[in-house]
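Here are my notes on a few backbone and side-chain details. Please read them with the model open.

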Amino acid sequence: MWSKTADPALLSKKLIRLLPAEALMLLFICGIGLAAVVLTLVLHREVNWPPFLAGYAGTLGLAAIGAYVRQAKGAPRIALALVGAAIFSGFTAVSAVFIFALFPLPHALIDPALIRIDSSLGYHWPGLVAWLAQYPWIAKILGWVYHSSLVQMFLTILLLAALSRELVLHRFLLAGIITLILAVTIWWIAPSVGPSAFQTIPEADRLATGLYFSPAYGEYLLQLVNVGPHRISPEVVTGVVAFPSYHMIMALLVVWFLRGTLAFLPAALVNTAMVPATLSHGGHHLVDLVGGLAVFALGIFVTNRLIRSQP
């Protein structure tokens, strides 16, 4: 007969422990993943499921390892990092399938209106690219900055975990989830794909600056909007939400939640450069960044009320 200490349920409780905020966020991610599967089935979307399901399994496995390390090995900082990374990567994976299942979009693109607003503010994307073409080294640095967003998010998770900033880390993760949901909702209601699909730049300027938002890429975005992907697969998943800018939101999240750490000043400097970096690549209008700031502020407001400071 099983003794009390040998009961599998009791053993699992002793070996695996998630914090309440972690458990709720992982449960929510599982719900979004299930909703994504249902959505693709209802809308008859063709999906290359094996790589996505492998990613889902990896997320749950990473979270389980973190929970085990916390309880059985007495390593709370490592556990915070592992579970935090699982939450971030898991939500990113399930949201990608959900977003691409929404194509083709039911509403007209608002990019022409956003371009007019930018023009009234004195901003013109081809003009910015033409200026950068005279300084290729600046364009190259901005390219590195632009592609650093996800790396910065993971590094922030690791640093906050190493500093045992449990409350701050959980707020950082929840704010990332809330702001992405808000951004995708706004984008679905009033979709946009950025100026590269509507404005052209000389090929010489594009090559000099190293931009990958070419006219062909703009045509691909328009095809997604009007027809949708032939098959949802990791290789076709790309950034499609222009307004509000999630690049701007991620930059603000990193800087905001690194306050009070030694990494705050470097993060602030790098993400100040994220503003011209985001604009230069052609995936965002100037007004997209303002929208990102508004969504960030709302996300922080909601997060602080869902995860309150302990007395």
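1. Pro104 sits in the loop between H4 and helix H5 (111-120). This is a predicted model, and the loop deserves a look at its backbone. The peptide bond from Phe103 to Pro104 is cis, with omega near -10°.

2. Phe243 and Pro244 are joined by a cis peptide bond, and omega is about 0°. Pro244 belongs to the loop between helix H11 (215-226) and helix H12 (246-257). For context, most peptide bonds are trans.

3. Next, check phi at His44. The value is near 60°, which is positive, and His44 is not a glycine. Most residues other than glycine have a negative phi. His44 lies in the loop between helix H2 (20-42) and helix H3 (49-72). His44 counts as exposed because its relative accessibility is 71%, and the cut-off for exposed is over 50%.

4. Ser164 also has a positive phi, about 60°, without being a glycine. Its place is the loop between helix H8 (149-162) and helix H9 (166-189). Relative accessibility here is 38%, so Ser164 counts as partly exposed.

5. Is Ser95 buried or exposed? Ser95 has a relative accessible area of 10% and is therefore buried; the cut-off is under 20%. The residue is part of helix H4 (residues 76-101). Where does the side chain of Ser95 reach? It contacts the backbone oxygen of Phe91, at 2.8 Å.

Terms used: Residues are numbered from 1 along each chain as its sequence is written. This is a predicted model: local features need pLDDT of at least 70, side-chain atom pairs count only at pLDDT 80 or more; totals for chains, interfaces and linings use all residues. Side-chain values use heavy atoms; hydrogens and water are left out. Helices (H or I, at least four residues) and strands (E, at least two) are DSSP runs, numbered from the N terminus. Buried means under 20% relative accessible area, exposed over 50%, partly exposed in between (1.4 Å probe, protein chains only). A polar contact is a pair of N or O atoms within 3.5 Å; within protein, one must be able to donate a hydrogen and the other to accept it, and residues adjacent in sequence count only if both atoms are side-chain atoms.
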